[in-house]
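This report covers a helix pair, a loop residue and the confidence of the model.

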Amino acid sequence: MPYDLKEIAAISGMPGLYRLVRPTRNGVIVESLDEKAARSVASARNKVSLLQEISIYTQDYDQTVPLTEVFDRIYQQHGNSLALTSKADDRDLTAFMEGIIPDYDRQRVYMSDIKKLVSWYHAVSSRLDYQVPATEEAATTEEAEKPAKKAPQAKSKGADTAGTQQEEAASDEALSTAGIIPAKGESNEPANPEAGDDTQPTKKAKKKA
């Protein structure tokens with residue numbers, strides 16, 4: 001996977017992202033995903049949401065996009081130095097989201113989710129290395145190992161001439177989905193006013209069976 005998110009988590013009541021270090025009797029030791037890399041203990045009362053198990057709603061009610069794939073799309077368009085920040089104008093953030101996931105669900109994905117996505121990408125891209133997918137590495141290696149093309153040979157009169165060209169399509173399999181970005185409770189940001197309506201579908205992280 002481009003960014004390895006298996007041990008990266010958002011923890012309720014603790015701003016930012018954390019790398020899981022090891023479990024303890026009362027919780028888990030975590031390390032902040034920033035330049036300080038400060039270690040602390042997240043108690044069993046804290047909700048730990050692994051980024052690899054988070055997805056974003058699309059307009060297809062049964063379809064979500066895994067955060068790993070979302071981060072890969074951002075990297076393909078913006079590299080690891082995204083100029084946009086979570087403090088940008090709402091219109092710029094909306095345009096950014098539309099460029100990454102054109103069919104994202106405008107009703108179930110709040111502006112606070114988009115801001116959180118941008119903040120998380122900055123944290124991840126600044127601390128983790130982008131890993132080229134194995135299919136791309138294999139294609140590059142295969143191309144480099146191909147022998148040089150021979151000069152065309154003269155053909156006898158009437159012989160058929162036909163060239164062949166093979167292209168390997170890049171693998172773009174979607175990963176399994178297991179949740180959504182919670183609208184609140186994962187940062188110290190003010191509560192999202194958009195989520196105040198009790199009729200709004202509740203956003204919960206769904207664990208893989």
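Helices H2 and H3 are roughly perpendicular to each other. In this predicted model, H2 spans residues 90-100 and H3 spans residues 111-127, and the two pack at an angle of about 75° with their axes 10 Å apart. Angles of 65 to 115 degrees count as roughly perpendicular, so the pair H2 and H3 falls in that class.

On the H2 side, the contact is made by Asp90, Leu93, Thr94, Phe96 and Met97. H3 contributes Met111, Ile114, Lys115, Leu117 and Val118. By class, the contact of H2 with H3 has seven nonpolar residues, one polar residue and two charged residues.

A separate point concerns the backbone at Ala37. This residue lies in the loop between strand E3 (27-32) and strand E4 (39-43). Most residues other than glycine have a negative phi. With a relative accessible area of 28%, Ala37 is partly exposed.

Confidence is the remaining topic. The chain averages a pLDDT of 76, and 63% of the residues score at least 70.

Where pLDDT is low, the predicted coordinates should not be read in detail.

Definitions and conventions
Residues numbered from 1 in each chain as written. Predicted model: local features only at pLDDT ≥ 70, side-chain atom pairs only at ≥ 80, totals over all residues. Heavy atoms only, no water. Helix = DSSP H or I, 4+ residues; strand = E, 2+ residues; numbered from the N terminus. Buried < 20%, exposed > 50% of the residue type's maximum accessible area, 1.4 Å probe, protein only. pLDDT = per-residue confidence, 0-100. Axes fitted to C-alpha atoms, helices over the stretch in contact; angles between N-to-C directions. Parallel < 35°, antiparallel > 145°, perpendicular 65-115°, else oblique. Contact = heavy atoms within 4.5 Å. Nonpolar A, V, L, I, M, F, W, Y, C, P; charged D, E, K, R; others polar.
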